[in-house]
Each structure stands twice: as structure tokens, then as C-alpha cells.
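Me: I am new to this structure and would like to be walked through it with care. Could we take it one question at a time?

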Amino acid sequence: MLDQKKNIILIIIFFIILLSIISALIIEHALGHQPCSLCLYERIPYFLSALLIIKIFFFKKYEKITLLILFLVFMTSALLAFYHFGIEQGFFDESFVCNVESQLKILSKENLLKELNKNIVSCKNVTFRILGLSLAAINTILSIVLSIIFLKLFFNYGSSSTSQYK
């Protein structure tokens, strides 16, 4: 069972996750920066982790395994975000997920007109930065930090928090 200090850590993480999701939606809808395909995929771990943290608070069964799943979710998020960051920096080529040119070649004439009106965003284009960092770079860092925290919570599950967090 998680003790009070570890519950506070989970609450703080939950609010960081909510802030991340809300920020992405504000940047998209209020500020008008259209996300690429990878940006949208990078939101999935945040939604999933919010549900898993809620599960920990309401259903005390399988807390330790849920912490391990949260670690795996954020490691996956870190890999996806790093891949996106690598595409932005030119380290990796765009995949089929975000390669706009290959998507447009497959379409029929009718679908091509619809897609051109959608204004598809390439994964290479950085349309929004915070302190000079792209959102993919920030997501990479945040996902690594959160995965380390969840791994520590997993390994320290059941131990007293008095010696661990001083």
C-alpha cells in the first residue's frame, strides 16, 4: 500500500499530467498551432497515465504492478517523443506516420482535394517553442523524469517513506 508521502507525489504527478494535456489543447485550439500526427500520438500516454493514477487512488488492488505499467507507459512516451525530436532535428527520416508526401500519393483525386484543405502538418516543422525547446523536446525530458519517478515508486513500494525521501 502506498503511504501518504507517495500519494502526494502521485497527486503532484497527476496534476502535471493534466497541465500537460490542457497545455497541448490550449496550444492547439486557442493559439492555433496545428499538431502533427506524432504530436497527437504523444498525448496518448498522458491520457492513459491519468487513468492509471486514478485507478491507484480508487482501486487499491495491484498498485505495484500499476506503478510498473506507468513506468513502461512513460518509457514508451520518452522513446516516441525522442523519435519526434530526432525527426525535427534531422537525425531520423519521417516515418509513414508523418510523411506527408507518401500520404498524398496514395489518395484519389477527391481525397487529395479534401486532404489539401486539411492543411497537414509535417513532423519536421516546429510551430511552437517554450524557452527555445520544441514540445517534443520538452515531452522527451518530462517523460524520462516521470518514468524514473515511477520506477523509484515501484522499487520502493511497501517500504517506509521516512528513509527514502529525506
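**A first walk through the model**

Reply: Glu-88 is found in helix α4, where helices (H or I, at least four residues) and strands (E, at least two) are DSSP runs, numbered from the N terminus. This is a predicted model, in which local features need pLDDT of at least 70 and side-chain atom pairs count only at pLDDT 80 or more, while totals for chains, interfaces and linings use all residues. Residues are numbered from 1 along each chain as its sequence is written, and side-chain values use heavy atoms, with hydrogens and water left out.

Me: Is Glu-88 buried or exposed?

Reply: The classes rest on relative accessible area, with buried meaning under 20%, exposed over 50% and partly exposed in between (1.4 Å probe, protein chains only). Because the relative accessible area of Glu-88 is 15%, this residue is buried.

Me: How far apart in space are Glu-88 and Val-126, C-alpha to C-alpha?

Reply: Glu-88 belongs to helix α4. Along the sequence Glu-88 and Val-126 are 38 residues apart, and in space their C-alpha atoms are separated by 7.0 Å.

Me: What pattern of helices and strands does the protein follow along the sequence?

Reply: The protein has 8 helices and 2 strands. Read along the sequence, these elements give the pattern α-α-α-α-α-α-β-β-α-α.

Me: How many Å separate the C-alpha atoms of Leu-72 and Leu-151?

Reply: Leu-72 lies in helix α4 (residues 63-89), and because its relative accessibility is 46%, Leu-72 counts as partly exposed. Leu-72 and Leu-151 are 79 residues apart along the chain, and the separation of their C-alpha atoms is 8.8 Å.

Me: Why does Tyr-41 count as partly exposed?

Reply: Tyr-41 has its place in helix α2, and its C-alpha atom is 8.3 Å from that of Leu-80, which is 39 residues away in sequence. Tyr-41 counts as partly exposed because its relative accessibility is 42%.

Me: Which residues form the salt bridge, and what is its N to O distance?

Reply: A salt bridge is a side-chain nitrogen of Lys or Arg within 4 Å of a carboxyl oxygen of Asp or Glu, and the structure holds 1 salt bridge. The side chains that meet in it are those of Arg-43 and Glu-28, at 2.8 Å.

Me: Why is the pair of Phe-14 and Phe-15 edge-to-face?

Reply: Rings of Phe, Tyr and Trp (its six-membered ring) pair if their centres lie within 6.5 Å, and planes under 30 degrees apart count as stacked, over 60 as edge-to-face and the rest as tilted. A search of the whole structure finds 4 aromatic pairs. The ring centres of Phe-14 and Phe-15 are 5.8 Å apart and their planes lie at 75°, so this pair is edge-to-face.

Me: What angle lies between the planes of Phe-154 and Phe-155?

Reply: Phe-154 counts as buried because its relative accessibility is 15%, whereas Phe-155 is exposed because its relative accessible area is 60%. The two form an edge-to-face aromatic pair, with 5.3 Å from centre to centre and an angle between the planes of 65°.

Me: Which residue has its charged end over the ring of Phe-154?

Reply: A charge sits over a ring if NZ of Lys or CZ of Arg is within 6 Å of the ring centre and within 35 degrees of the ring normal. Over the ring of Phe-154, 5.1 Å from its centre, sits the charged end of Lys-64.

Me: Which helix gives the largest share of the lining of the largest pocket?

Reply: On a 1 Å grid over the protein atoms alone, a pocket is an open set of points where a 1.4 Å probe fits, with protein on both sides within 12 Å along at least five of seven lines, and lining residues have an atom within 4 Å of a point. Of the 28 residues that line the largest pocket, those closest to its centre are Ala-24, Ile-27, Leu-135, Ala-136 and Asn-139. Helices α1 (4-30), α4 and α7 (135-155) each supply at least two lining residues. The largest share, 6 residues, comes from α1.
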